Amino acid sequence: MSGEAVARDGDGLENARDTFYLVEKDTHDHGEAHTGGATMLGFWIYLMSDALIFATLFATYGVLSTSYAGGPTPREIFELPLVAVNTAILLVSSITYGFAMIATQEGKLNGTRTWLVLTGLLGIGFVGVELYEFSTLIHEGATPQTSGFLSAFFTLVATHGLHVTIGIVWIGVMLVQLAQRGLHAENQRRLMCLSMFWHFLDVVWIGVFTFVYLLGSIR
Amino acid sequence: MTDATHTARHEDDAHAHDAVHSHGDTHDHGSRRGYVIGFLTSVVLTAIPFWLVMTGTLSSQWTAILIIAFAVVQIGVHTAAFLHVNTKAEGGWTLLAYAFTAVIVLIVIAGSLWIMYHLNTNMMPMSVPDTAP
């Protein structure tokens with residue numbers, strides 16, 4: 001009797017000390033599949049720190065955006081139709097990922113996998129178009145070494161492209177995880193983190209196409 | 001689907017959400033409708049700036065002001081519709097972190113542009129040799 005009381009006391013103490021854990025434990029106890037209060041917030045803080053990286057790159061680009069050093073100007077090298085295509089691809093991939101999350105919520109494994117595959121393919125399309133754009137620019141002699149403007153441009157846009165590439169790899173990993181283990185709580189949490197990551201990259205792209213491509217083309 | 005099943009489904013949804021919310025996971029995962037509305041709004045908010053720049057309908061100054069305004073609104077739409085940041089998600093902590101980050105991002109970008117603009121102005125004689133005889 002007293003032993004049980006001590007055990008319960010110990011439990012209570014542990015819970016009191018570790019509030020974030022209490023939340024996660026509680027979710028498990030009730031058999032609720034959605035987990036990860038603290039994980040979600042932690043991942044969100046990471047994304048915010050990533051936003052700061054992009055902020056410094058945007059600031060660098062803003063400062064150097066008119067330093068052409070005799071090289072080409074944005075209006076001469078940017079192809080807006082190509083950028084519009086890429087913007088559309090990324091925007092559509094946002095809603096396909098959204099549908100993957102809804103399929104996850106409804107417990108539909110196949111639906112989740114289909115939408116994830118579609119999102120991954122759109123991501124590959126985006127990176128492909130971007131690489132095509134970069135190779136065209138470099139062929140035209142607009143290399144990162146040409147001017148401050150182009151250095152900052154390639155750094156900013158390629159950092160975003162690298163993030164998208166990592167997102168595609170993550171989608172691939174999730175597809176393997178889903179194939180092996182299905183939609184269990186951990187995978188759902190991972191999909192939610194990936195969802196934030198993917199939509200965050202779309203938000204960064206809004207900044208890129210507005211401040212780099214569109215503003216550059218009317219300067 | 002009949003009305004009855006529809007209602008039943010809605011109630012189920014509401015229950016599921018209650019369960020989720022009362023047990024600590026306060027992250028809103030959004031609904032199909034929310035995603036579609038967010039997507040359609042974003043399409044419009046993306047198409048108009050591209051159209052303005054590619055056709056050159058307005059003066060470049062007005063175009064610049066408008067496309068920046070559209071970008072700000074679209075970032076807001078994405079944050080609400082896709083990232084589900086609101087006062088309830090994670091007890092408001094994601095919103096607080098988001099607001100804090102937004103302030104820092106603005107300080108970093110606006111501050112850099114401001115300072116470097118003045119430095120550039122002071123350095124301007126660099127271009128004089130081009131025009132000098």
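Chain A of this predicted model has eight helices and zero strands. Helices (H or I, at least four residues) and strands (E, at least two) are DSSP runs, numbered from the N terminus. From the N terminus on, the order of elements in chain A is α-α-α-α-α-α-α-α. Chain B has five helices and zero strands. Its order, again from the N terminus, is α-α-α-α-α. Residues are numbered from 1 along each chain as its sequence is written, and chains are lettered from A in the order in which they are written. As the model is a prediction, local features need pLDDT of at least 70 and side-chain atom pairs count only at pLDDT 80 or more, whereas totals for chains, interfaces and linings use all residues.

Burial was computed for each chain. A residue is buried if 20 or more other C-beta atoms, placed from the backbone, lie within 10 Å of its own; it is exposed if 12 or fewer do, and partly exposed in between. Chain A holds 219 residues, and 42% of them are buried. In chain B, 26% of the 133 residues count as buried.

Contacts within each chain were then examined. Two residues are in contact if their C-beta atoms, placed from the backbone, lie within 7 Å. Among contacts in chain A with a separation of 6 or more, 78% join residues 24 or more positions apart. The corresponding share in chain B is 62%.

The two chains also touch each other. Chain A gives 46 residues to the contact, and chain B gives 43 residues. On the side of chain A that touches chain B, α2 (19–29), α3 (37–64), α5 (80–105) and α8 each supply at least two residues. The largest share, 14 residues, comes from α3(A). By type, this side of chain A divides into 27 nonpolar, 16 polar and three charged residues. Here Ala, Val, Leu, Ile, Met, Phe, Trp, Tyr, Cys and Pro count as nonpolar, Asp, Glu, Lys and Arg as charged, and the others, Gly among them, as polar.

One helix pair spans the two chains. Helix α8 (residues 185–218) of chain A packs against helix α3 (residues 60–81) of chain B at an angle of about 180 degrees. Their axes are 10 Å apart. Axes are lines fitted to C-alpha atoms, for helices over the stretch in contact, and angles run from 0 to 180 degrees between N-to-C directions. α8(A) and α3(B) are therefore roughly antiparallel to each other, a label for angles over 145 degrees. Residues of α8(A) in this contact include A:H199, A:D202 and A:I206. Those of α3(B) include B:S60, B:I67 and B:H78. The contact residues of this pair comprise ten nonpolar, eight polar and one charged.

Notes:
Parallel < 35°, antiparallel > 145°, perpendicular 65-115°, else oblique.
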